[in-house]
Amino acid sequence: MSSPDGQLAFSLSMQTVGSEAGSPHYAIQYRNQPLIASSRLGLKANPNGFGGAGWFKDLRVVRTQRRTQQTSWQPVAGERSNIPDHFNELVITLAPTDARRKGIMQVVARAYNEGVAFRYEFPEDLSTQILEFTEDLTQFRLPSGTQGWFTNRAQAEYEKRPLQNWSAQAELPLTLELPNGVWASIAQAEQVNYPRVRLKTTGPEGELQTQLFGEVVETSPYATSWRVVLGANEPGKLLEQNYLIPNLNPPNALSKPDWIKPGQVMREVTLSTSGAKALVDFAVQQQIAYLHFDAGWYGHEYEVKEDATTVTVDPRRNPKGDLDLPEAIRYARSKGIGVILYVNHRALERQLDTLFPLYQRWGVSGVKFGFVHTGSHRWTTWLHEAVRKAAQYNLIVDIHDEYRPTGFSRTYPNLLTQEGVLGNEGFPDATHNTILPFTRYLAGAGDYTFCFNTDIVRPGKSKTTQAHQLALPVLYFSPLQYVFWYGRPDQYPNTEEFSFWKGLPTVWDETRVLGGRPGEFVTIARRQKDAWYVGCITNIQARSVTIPLSFLPADKSFTAVLYEDDGRGHVKQTRLTVTASTTLKRDLLASGGLALSLKPGN
């Protein structure tokens, strides 16, 4: 089966001899070259349960079905306003070669222009009603010499490694550079009722094996998550085409999602009524959409007696305890500012069905889930059910810590963002930041927590320049953008320096990667309506960059406002008139960057 443009091809074959007789294998080609060599498929069952022998050998093909789909859809809050959904699909139905074994398993594969996806499905069948899987045997065999950007946790740094002798499992997406210059990324989609998947090295160089977080116990009909292999001739195309992951999720389940509002967010750190009102006034001035009350507003989040239905400020956060939360919410709403409340998973798990209707009555706009459990089958299903319940009460959601997206925001767009990234809470260096657009952000939105003047609060911690930080909200997609993560409004007197953030969109109509390589630099341009915004950062080395503006309409002039490091610890602005024929050439400081706004007119 080939993709609509003929560039990608998926094939399935059955082993006929030896110990793996009747074992399904697949292969993927990109531009007539091997991308994934012949690799094993299948699921191993619990031998002491109802799973029988499992579904990885002693199988035969009983039928195949094909179909083509060519549609498009419009996300509520996305990196582009219109998403193509064009694929060829092949469904291979497998049955045991032993007639005494009952049931069937289907391998469903789709070839898109952007990549190939496949998963296992079990139609409703009384003979396989109960399914128990202990191992996922799916392999990915890459050409020898392939390099991967490895991390073993969603909130960790990346390291470029050959695909051999890993001491830990790799988190997804796993971005790969093949020796022939092809770029690929292995990801997971629609992981809402299936454990988290990681990859480990086995056998010769280039052989990767799926590793399940835990076992699966389900009933038919049942489908696993999708395995996704993105393919491109340059790394930036992987990000431009990452809409393949939400494509593999069901359409929007909310009939009237107009209450879902993306925007910037600022954290209230004093946990006091006066501090909250001051932050609301600052938010109005800076066009920030939401005020966020972080941990501590309902007590110490790890105490057994914690109760997220009451306002009992943790004395370690504010000894005075002078937070009148209803008054703060009233004041914020009177100024058009929404309120988001942080709640630790301990309270969520115990009080979920009480909290959401209560917060809706309070006038709260959303909830940030803290320290959630991720990975296992049980907690995966619980977490996504919690997002569904939040939608019933018109609550937007931000999931923090190790959760990484697999496209569920298409189905429930109230899940506006999630962490699953080593952001400014960990103060990574500039090289790490250049890797993220080609790795973690292929999976979807990430709450990075942007900073400006971070040394005000944490002296010596910031490892990047201020212009570098200004550029990140363009590079890193998140419909909820947390800005000024460390600090209070009174610590930002010179608003001209960061005026690029004022009114900066958080969702986009178009996204283009203008250049870059992971670990070196990246330049991305995004459009909302007729205005364009560009972010560019370098690694820990100084760099000269060239930014052609050929993406602009050919018949218009634009006013460009350029924000750059001045070399003395501040940001300078330059105002220019530019056209599509303009090429900007700039010198970036080590760990630096630039931000650029482009609006029609002189």
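Which residues is Phe 369 in contact with, leaving aside its neighbours within four places in sequence? And what surrounds that part?

Reply: This is a predicted model. Start with Phe 369. Leaving aside neighbours within four places in sequence, Phe 369 is in contact with Val 343, Leu 348, Phe 356, Leu 383, Ala 386, Val 397, Asp 398, Ile 399 and His 400.

Now step back to the core. Phe 369 is among the residues with the most contacts inside the largest nonpolar core. Val 343 is on that list too, and Val 343 is also in contact with Phe 369. Helix H5, residues 345-362, gives the most to it, with seven residues. A second, separate core has 46 residues. Leu 174, Leu 208, Leu 212 and Val 216 are included there. In soluble globular proteins, nonpolar side chains tend to be buried together.

Stay with helix H5 for a moment. Gln 351 lies in this helix. Is Gln 351 buried or exposed? Buried means under 20% relative accessible area. Gln 351 has 12% relative accessibility, so it counts as buried. Leaving aside neighbours within four places in sequence, Gln 351 is in contact with Glu 306, Asp 307, Ala 308 and Thr 309.

Go back to Leu 383. This residue is in contact with Phe 369, and Leu 383 also lines the largest cavity. That cavity has a volume of about 70 Å³. Its lining also includes Gln 191, Arg 196, Thr 374, Gly 375 and Thr 380. His 384, Glu 402, Tyr 403 and Arg 404 line it as well. By class, the lining has two nonpolar, five polar and three charged residues.

How many cavities of 30 Å³ or more does the structure hold? There are three. Among the residues lining it are Asn 424, Phe 427, Pro 428, Tyr 448 and Cys 451. Lys 463 is also part of this lining. By class, four of the lining residues are nonpolar, six are polar and one is charged.

Finish with another helix, H3. It runs over residues 273-286 and has 14 residues. From first C-alpha to last, H3 reaches 20 Å, close to the 20 Å expected. Its buried residues include Ala 276, Leu 279, Val 280, Phe 282 and Ala 283. Strand S20, strand S21 and helix H4 are among the elements that cover the buried residues of H3. Just after H3, Gln 287 takes a positive phi of about 60°.

Notes
Residues are numbered from 1 along each chain as its sequence is written. This is a predicted model: local features need pLDDT of at least 70, side-chain atom pairs count only at pLDDT 80 or more; totals for chains, interfaces and linings use all residues. Side-chain values use heavy atoms; hydrogens and water are left out. A nonpolar core is a set of buried Ala, Val, Leu, Ile, Met, Phe, Trp, Tyr and Cys residues joined through side-chain atoms within 4.5 Å. Buried means under 20% relative accessible area, exposed over 50%, partly exposed in between (1.4 Å probe, protein chains only). Helices (H or I, at least four residues) and strands (E, at least two) are DSSP runs, numbered from the N terminus. Contact means heavy atoms within 4.5 Å. On a 1 Å grid over the protein atoms alone, a cavity is a set of points where a 1.4 Å probe fits but cannot get out, and a pocket is an open set with protein on both sides within 12 Å along at least five of seven lines; lining residues have an atom within 4 Å of a point. Grid points are joined across faces, edges and corners, and a volume is the space filled by probe spheres set on the points. Ala, Val, Leu, Ile, Met, Phe, Trp, Tyr, Cys and Pro count as nonpolar, Asp, Glu, Lys and Arg as charged, and the others, Gly among them, as polar. The expected span of a helix is 1.5 Å times one less than its number of residues.
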